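These are my notebook entries on one structure, written in the order in which I looked things up. I begin with the terms and then go from the whole chain to single residues.

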Amino acid sequence: MFSLEQLHSAVGVVRGSMPPTPQFCWPLLCDRTGCEVWVKHENHTPIGAFKIRGGLVFLDELMKSGEQVKGLITATRGNHGQSIALAGAKYGVPVTIYAPHGNSVEKNAAMRAFGAELVEFGSDFDEARVESDRAGAERGLRFVPSYHPWLVRGVSTYAYELFTGVEDLDTVYVPIGMGSGISGLIMARDLLGLKTKIVGVVAENAPAYALSFEAGEVRETNSAATFADGVACRVPDATALELIRAGADRVVTVGEDEIAEAIRHYYTDTHNLVEGAAATPLAALMKERRGMAGRKVGLILSGGNIDTAAFAEVLRGGTPAVWR
C-alpha cells in the first residue's frame, strides 16, 4: 500500500501539526493484567483521537495532487469527521460532515467548532455514509471515505512512533472501526520488519469484522448497537479486511459491560479519559490475560472523546445504554 519512505514522509507531515504522542508503561495496569503493558496515548492529539493523522496526510496529498475541489464531504461517528474538519480548516477547504441522528453531542459540537457543516441523517453510520456519498455527487463535493490509502498512511504514523519507541513488543491490541487504525499498525510493523502479533478488537454488538475475519469474506450485520461508537460498523471495507486477514493474528470480541469496566480501569489506573472504542483493547487483554501473562503488550488508546453523561454512568459502575 505504501513504502517505508512514504511512511517517513507521512511522519513529517503529521509532525508539522502535532508532536508525537507518548507511550507509557503504567504499573497499576501491569499489576491488573499480569503483563508489561505499554499504552499508546492517541487521546493526546489535537482532536483527542488518532484519526487526526489520517486527515492531515489526506489533505496534504490532495493538495499536492493538483485536484481542484470546492469542498469535501464525509460521514462519521465523530473522530474521522473531526480529523477531516481540522485538516480542511488548515488547508482552507470547506467540509461537510454527515452523522447519524443520536450521535455523540460532544463530538458533533467539536466538528462544528473546527468549522464543518454538520448534517444529521439516518439511524446509523452506514445510512449516513450512503447519503453523504449521494449528496456529495449532487453538490460536486469530493467524498472522503472512512478507509483510503492516504488515511491509512497517515494513521500508520502512530504505529511508527510506538514501534520505534518501545522495543520487542510481543502483541499489540487495537480497535477495529472501519479498519484504518489496524491497517496502519500492520503496515508499519511489516515495513519495520518486526514480528509483533496484532490483535484486532470489536464489540460483540458490532461484530461485522470478526465475522468477516472468520469467514474470509465481507459479512454485513443488521445492526451495530454499541455505546463504543468508534467501532459501530455494519459493513466492513473489503480492502481493509484483506489486509487484516493477512496481517492480524486474531480478532477478539468484547461485551458492553467489559468495555465499561475497561474505561473504569483506565481511569483508576492511569487517570486518563477513554472513549468506548479506545477501551476495547484493554477489555480484550483482560479477557485473555491468563494466556498473555508475562508478555510485553501494547494497547492502542485510540481516543478520549466520550460524552460526559456516558462517562458519568461508567464511573457510577454502570454501562451506558446501547446507542441505536
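I call a residue buried when its relative accessible area is under 20%, exposed when it is over 50%, and partly exposed in between, with a 1.4 Å probe and protein chains only. Helices (H or I, at least four residues) and strands (E, at least two) are DSSP runs, numbered from the N terminus.

I note that this is a predicted model, in which local features need pLDDT of at least 70 and side-chain atom pairs count only at pLDDT 80 or more, while totals for chains, interfaces and linings use all residues. Residues are numbered from 1 along each chain as its sequence is written, and side-chain values use heavy atoms, with hydrogens and water left out.

**Entry 1: the whole chain**

I looked up the secondary structure and found 14 helices and 10 strands in the protein. For the overall dimensions, I took the radius of gyration over C-alpha atoms and compared it with the globule rule, 2.2 Å times the number of residues to the power 0.38. The protein has 18 Å, which agrees with the value near 20 Å that a compact globule of 324 residues would have. Along the principal axes, the C-alpha atoms fill a box of roughly 55 × 45 × 40 Å.

Of the 324 residues, 60% are buried. I count a contact when heavy atoms lie within 4.5 Å; among the contacts with a separation of 6 or more, 74% join residues 24 or more positions apart. By the Shrake-Rupley method with a 1.4 Å probe, where for residues only the protein chains shown count as cover, the protein exposes about 12300 Å², and carbon and sulfur atoms supply 50% of that area.

For charges, I counted Lys and Arg as positive and Asp and Glu as negative, leaving out His and the chain ends, and I placed each charge at NZ of Lys, CZ of Arg, CG of Asp or CD of Glu. There are 31 positive and 38 negative side chains, and the centres of the two sets are 2 Å apart.

I asked how many residues of strand β4 are buried. Five of the five (residues 95-99) are, so β4 is largely enclosed by the rest of the structure. Val-95, Ile-97 and Ala-99 point one way from β4, Thr-96 and Tyr-98 point the other way, and all are buried.

I take two strands as paired if DSSP finds at least two bridges between them. Strand β3 (residues 72-75) pairs with β4 in the parallel sense over four bridges, and Ala-75 has Tyr-98 of β4 as its bridge partner.

Both of these residues returned when I looked up Ala-128, which lies in helix α6 (residues 125-139) and is buried at 0% relative accessibility. Leaving out residues up to four places away in sequence, Ala-128 touches Ala-75, Tyr-98, Ala-99, Pro-100 and Phe-121. From Ala-128 to His-101 the C-alpha distance is 8.9 Å, across 27 residues in sequence.

**Entry 2: strands β7 and β8**

I found five of the five residues of β7 buried, and noted the strand as mostly covered. Thr-171, Tyr-173 and Pro-175 point one way from β7, with Val-172 and Val-174 pointing the other way, and all are buried. Strand β8 (residues 197-203) is also mostly covered, with six of its seven residues buried. The two strands, β7 and β8, run parallel and are joined by five bridges; Val-172 stands opposite Ile-198 of β8, and Val-174 stands opposite Gly-200.

I looked up Asp-168 in the loop between α7 (149-165) and β7 (171-175), where its phi is near 60°, a positive value in a residue other than glycine. Asp-168 is exposed, at 66% relative accessibility.

In the loop between α11 (256-270) and α12 (276-287) I found His-271, whose phi is near 55°, again positive in a residue other than glycine. His-271 counts as exposed, with a relative accessible area of 58%.

Which residues does Phe-114 touch, not counting those up to four places away in sequence? I listed Pro-46, Ile-47, Gln-82, Ala-85, Leu-86 and Ala-89. Phe-114 sits in the loop between α5 (105-113) and β5 (117-120), and is partly exposed at 25%.
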